[in-house]
Amino acid sequence: MAKVANPIGEVKNALSIMISLPTNTQNMINLVFFGKPGAGKGTQAAIIKEKFNLVHLSTGDLFRYNMKNDTPLGQLAKSYIDAGNLVPDQVTIDMLEDAVLKNKDAKGFIFDGFPRTDAQAEALDALMARLEMKIDATIALEAEDDILVERLLNRGLTSGRSDDQDEAKIRNRFDEYTAKTAPLRAFYSNQEKFHEILGVGSVEEITERILAVIKTL
Ligand code: AMP
């Protein structure tokens, strides 16, 4: 009979295969990208997503997709987005949960532009707990308002986004951020998950800063 070098290890391996753990949750990386409009969350998420094979969920992109396709959700969100205001929490939370559940086999997620309020952060933690997942880190990209306004107005020239073309709307988005989103710094700091990096420099330099944070996880 063939000798087994490590019989206890073999039994453990067999058991871990038999006990069906929820898909992948043990080795997932789940990141929140945090920062004001124009901070570079979308640009960096697109790069980091490729490196780690993650699903990039941008609530802004999801709303724009719904507006483009004129769905009931898009119609509801439009007036808020056009004015640079946040879409109501429950609408946003339901949309995000739906998107996560549609990607249950993901190796992990980058949440970009979500959460933006206390209620959203609580809902995200509750969803993660329900799915036996967790947020590993919140990475905040920091840059000064004037730099961000310039970036957004530039983006507005080609993106066609009405909320990027008008400085008053852009400033209103910053005000929404300061009032409702910035307090989440404390929420994630209390969980020792908040990592702030400088969001100014070349795209590559900023990616390196994010990778340096991910290495510590
Ligand atoms: P963004 O593409 O992240 O800049 O989002 C564009 C707009 O979509 C925001 O100004 C809000 O009107 C809306 N939006 C995106 N994400 C959220 C969110 N998490 N909560 C509420 N509104 C959101």
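Over which residues does pLDDT stay under 50? In this predicted model, that stretch is residues 16-22, for which there is one contact beyond four places in sequence. The protein as a whole averages a pLDDT of 92, and 88% of the residues score at least 70. The structure also holds 16 salt bridges, and the points below describe some of them.

**Asp164 and Arg155**
- Asp164 forms a salt bridge with Arg155, in which the closest N and O atoms are 2.7 Å apart.
- Asp164 counts as buried because its relative accessibility is 0%, under the 20% limit, whereas Arg155, with a relative accessible area of 32%, is partly exposed.

**Asp163 and Arg173**
- A salt bridge also brings together the side chains of Asp163 and Arg173, with an N to O distance of 3.8 Å.
- This pair links distant parts of the chain, since Asp163 sits in the loop between helix 7 (145-159) and helix 8 (167-181), while Arg173 belongs to helix 8, ten residues apart from Asp163.
- Both Asp163 and Arg173 are buried.

**Glu167 and Arg171**
- The side chains of Glu167 and Arg171 meet in a salt bridge at 3.0 Å, N to O.
- Both residues of this pair, Glu167 and Arg171, lie in helix 8, where they are four residues apart, about one turn of the helix.
- Glu167 counts as partly exposed at 36% relative accessibility, and Arg171 is likewise partly exposed, with a relative accessible area of 30%.

How values were computed: Residues numbered from 1 in each chain as written. Predicted model: local features only at pLDDT ≥ 70, side-chain atom pairs only at ≥ 80, totals over all residues. Heavy atoms only, no water. pLDDT = per-residue confidence, 0-100. Contact = heavy atoms within 4.5 Å. Salt bridge = Lys/Arg side-chain N within 4 Å of Asp/Glu carboxyl O. Buried < 20%, exposed > 50% of the residue type's maximum accessible area, 1.4 Å probe, protein only. Helix = DSSP H or I, 4+ residues; strand = E, 2+ residues; numbered from the N terminus.
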